[in-house]
Structure formats: C-alpha cells, structure tokens
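Hi everyone, thanks for coming.

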Amino acid sequence: MKEFAKQLEKLAEDILEILCENLGLEKGYLKEVFHGHGRKLGGPTFGTKVSNYPPCPKPDLIKGLRAHTDAGGVILLFQDDKVSGLQLLKDDKWIDVPPMRHSIVINLGDQLEVITNGRYKSVMHRVIAQTDGTRMSIASFYNPASDALIYPAPQLLNNNNNNIYPKFVFEDYMNLYSAVKFQPKEPRFEAMKTNSSIATA
C-alpha cells in the first residue's frame, strides 16, 4: 500500500503538470499553489481511503453515497473491476462509470475548478447500491496544503470575467465543505466570498 500510494502521488503531480501545459500555465504553477506557504510542514496533503460497499437487497430504499463534488484537488480512484456503482452527472443525466480492470479513474475537485477559472470543472458523482456483489474502491486524494491560498490563476482571467470564483484559504473552504458536502458547489463558492479569512482580513 505504501508503494501504491507513492506511485499515485507521483501520478497526481504528473496530472497537475499536464493541466498546466493544457492551460498555458507556467510549469509547476499548480503544484506551487498547492504547496501553500508552509513548505516546512510538507506542502500538499495526500491520503488514501479504502471503501467497502456490501450488496443491498433493496437498493431503491437507500441512497448509497449521495451525490457530491470533491472538495480538494486531484482524486485518483482504483475501483472494483467487477461490481459497478459509480455514476457521474453529465448534461443533467447520471452516467455509469463501468468497472475497468487495471485502470484509475481521475476526478478533479473544487479547488482546481477555482484555480483554472472554470476551464476544468469538479464533477458531481455518486455511488448507488447494488444487489449483485460487494464493491470495493481505493480513493486517493492529492489536496492543497491547509494554508494554500486558492484563487483563479491571473493568466486565465479575461476582461469579461464576472468574478464567480472567490479567493480563500483552503482550510476555510474545508471547514465550510464539511457541513454542506452534499449540497451544490455554487453556493459554497459564493459563501467563500464573504466567509473566508481572506475576505474578512
């Protein structure tokens, strides 16, 4: 597991570099933002969560893992290769993410939507209960440091920008997110315009 996590962390950093290239940002820009100000404290955080979803005889009576977007940066999901359940919302329709052997599903969180000024979006997703077997998944999260200052990259702003994305400290966002995880992300962004320690400083 330690070696697995080490390689996934490297993959997450490689993905950030690819995003920088796609967006025309300076090499290393996103990783630098994720480091925050406390380099001596380790910079970006990385964690792995193993989940077990047992079969449910009456899946219509429960919600499974409710719909939400992830709060952080890059999420790497090594999902079950036999039992499905993961769905994402696209064009107001829920789409199945089929089990795929030897593959990792990449998801982007709210922080990257803000930093990229909406060029990349965090995706609403959920896990529905299944009757036909136990589903397991290993989700790894590459997130900004708690003191990282999150705001749209200046290079991605334009004259018509209406400042829909706020400027805030990642820890402040997480404090809000923990209470409203399963609610839409747009009100969270709006709330951070006034609730962030940056906004009130």
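I'll go through an annotated region, a strand residue and its contacts, a surface patch, and then a helix.

Before we start, please keep in mind that this is a predicted model.

Let's begin with the record. An unreviewed UniProt entry lists residues 44–144 as "domain: Fe2OG dioxygenase". Over residues 44–144, the chain is 44% strand and 6% helix.

Now find S137, which belongs to strand β8, residues 135–143. Is S137 buried or exposed? Its relative accessibility is 5%, and the cut-off for buried is under 20%, so S137 counts as buried. Which residues does S137 touch, if we leave out those up to four places away in sequence? They are K49, V50, S51, Y53, L77, F78 and Q79.

Hold on to V50 from that list. V50 sits in strand β1, which covers residues 45–53. Together with M1 and M136, V50 also makes a nonpolar surface patch of about 320 Å².

Last stop: helix α5, residues 185–195. The buried residues in α5 are K185, R188, F189, A191 and M192. Why do we say they lie on the same side of α5? Because they cover an arc of only 165 degrees around the axis. On the face turned away from that buried side, α5 carries the exposed residues P187 and T194.

That's my tour, so over to you for questions!

How values were computed:
Residues numbered from 1 in each chain as written. Predicted model: local features only at pLDDT ≥ 70, side-chain atom pairs only at ≥ 80, totals over all residues. Heavy atoms only, no water. Patch = residues over 30% accessible without salt bridge, like charges linked within 9 Å, V, L, I, M, F, W, Y side chains within 5 Å. Areas by Shrake-Rupley, 256 points an atom, 1.4 Å probe, with all protein chains shown as cover. Salt bridge = Lys/Arg side-chain N within 4 Å of Asp/Glu carboxyl O. Helix = DSSP H or I, 4+ residues; strand = E, 2+ residues; numbered from the N terminus. Buried < 20%, exposed > 50% of the residue type's maximum accessible area, 1.4 Å probe, protein only. Contact = heavy atoms within 4.5 Å. Arc of directions from axis to C-beta. UniProt positions renumbered as here; feature names shortened; annotations may be inferred.
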